[in-house]
Amino acid sequence: MALVVMCGQPCSGKSAAAACLAAALRSSSTDLSVRIIDESLLHLGRNDSYKDMVVEKNLRGVLRSEVDRSVSRDSIIIIDSLNNIKGYRYELWCLARASGIRYCVFFCDTEVDHCREWNSKRQDKGEPSYDCNIFEDLVRRFEKPDRRNRWDSPLFEMFPSRDEMVETAPVIAEAVTYLTKKVDSKTRDVKVLQPTIATQTVRAGEANSLYEMDKATQEVVNAIVEAQSCGLGLAMNKISLGPNLPTISFTESVGLPELRSLRRTFIKLAGQYSLSGPPPPTDADSAKRMFVDYLNREVGA
């Protein structure tokens, strides 16, 4: 249904905001499935996870894999982590696009001095916090989200240092509306990401279907070339491929280069159509019938 990416400096109030957002979403609908994914859920400590670049990269990989397994069109996933690198936010956006769901970034815009103060208070209380060196390094490397980037849009901004952190906060209510609003053909203020050919998951058996189509269309091309070379493909004459198959009728002779081009275009169109519709035919006769119909429309009598 949706992927929400929390973003902000360390100790900027992201976890509190994520909890309020999740509670507000659950209050809006009793049958809504909401899940928060964070380091603690995966039993990962803050300092251990950010002590060096290799460990931090592994952390992002683990979180991304968990998000990839969890996103669906029936639930809202909130990833509560720093998400401080724009390249990583782009990877999360790609996961949402591949799943065909909504996506947004929730940015806790807190001044660094307040973050530093809150981190110190957590250290004094023995609560989960960052070592000073790790904290300063994360602050220095933070890449602020920009709503002009598609992977940072739509962007909901909250200011925890001065805004009240409650379920009824205006920005949380705005995010809840965006995430739960019903979408139809007239909806313009909610964007549901659409999978592309590059991100679409190939269905089982589709690769074999495309192989059968490639083989069948090549047999049709060979039959046309042979018939024309024997003088059987003259203008208005019909080329028969066998029983239960339509005949081919050309107004003029069609050369092999043009036939190859038509065949490539047909296979490409069939592959694109299968992403949103039924898979290509698995039997040779059906593939031949489709290809012959296509040829008759393009260059037939």
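Q: In this predicted model, at roughly what angle do the axes of helix α1 (residues 14-28) and helix α7 (residues 170-180) cross, and within what distance do they come?
A: The two axes come within 10 Å and cross at roughly 50°.

Q: Why is α1 called oblique to α7?
A: Angles under 35 degrees count as roughly parallel, 65 to 115 as roughly perpendicular and over 145 as roughly antiparallel, with the rest oblique. The axes of α1 and α7 cross at roughly 50°, an angle that makes α1 oblique to α7. The crossing of these helices is right-handed.

Q: Which residues of α1 and α7 meet?
A: From α1 come Ala17, Cys20, Leu21, Ala24, Leu25 and Ser28, and from α7 come Ile172, Ala175, Val176, Leu179 and Thr180. Sorted by class, this contact has nine nonpolar residues, two polar ones and no charged ones.

Q: What makes α5 roughly antiparallel to α6?
A: Helix α5 (residues 112-125) and helix α6 (residues 132-140) have axes that cross at roughly 155° and come within 12 Å. Since angles over 145 degrees count as roughly antiparallel, α5 is therefore roughly antiparallel to α6. The crossing of α5 and α6 is right-handed.

Q: Which residues of α5 and α6 meet?
A: Val112, Cys115, Arg116, Asn119 and Gln123 in α5 are in contact with Cys132, Phe135, Glu136 and Val139 in α6. The classes represented in this contact are five nonpolar, two polar and two charged residues.

Q: Why does isoleucine 239 count as buried?
A: The term buried applies under 20% relative accessible area. Isoleucine 239 has 7% relative accessibility, so it counts as buried. This residue lies in strand β6 (residues 238-239).

Q: How far apart are isoleucine 239 and glutamine 228 in sequence and in space?
A: They are separated by eleven residues in sequence and by 8.9 Å in space, C-alpha to C-alpha.

Q: What makes the phi of cysteine 11 worth a remark, and where is cysteine 11 found?
A: The phi of cysteine 11 is near 60°, a positive value in a residue other than glycine. Cysteine 11 is found in the loop between β1 (2-8) and α1.

Q: How do you know whether cysteine 11 is buried or exposed?
A: Its relative accessible area is 3%, so cysteine 11 is buried, the limit being under 20%.

Q: What is the phi of asparagine 83, and where is this residue found?
A: Asparagine 83 is not a glycine, yet its phi is positive, at about 45°. Asparagine 83 is found in the loop between β3 (75-80) and α4 (86-99).

Q: Is asparagine 83 buried or exposed, and why?
A: Asparagine 83 has a relative accessible area of 2% and is therefore buried.

Q: What kind of peptide bond joins serine 153 and proline 154?
A: The bond is cis, with omega about -5°. Proline 154 is found in the loop between α6 and β5 (155-158).

Q: How many helices and strands does the protein chain have, and what share of its residues is buried?
A: The chain has ten helices and seven strands. Of its 301 residues, 43% are buried.

Conventions: Residues are numbered from 1 along each chain as its sequence is written. This is a predicted model: local features need pLDDT of at least 70, side-chain atom pairs count only at pLDDT 80 or more; totals for chains, interfaces and linings use all residues. Side-chain values use heavy atoms; hydrogens and water are left out. Axes are lines fitted to C-alpha atoms, for helices over the stretch in contact, and angles run from 0 to 180 degrees between N-to-C directions. Helices (H or I, at least four residues) and strands (E, at least two) are DSSP runs, numbered from the N terminus. A crossing is left-handed if the near helix is turned anticlockwise from the far one by less than a right angle, and right-handed if clockwise. Contact means heavy atoms within 4.5 Å. Ala, Val, Leu, Ile, Met, Phe, Trp, Tyr, Cys and Pro count as nonpolar, Asp, Glu, Lys and Arg as charged, and the others, Gly among them, as polar. Buried means under 20% relative accessible area, exposed over 50%, partly exposed in between (1.4 Å probe, protein chains only).
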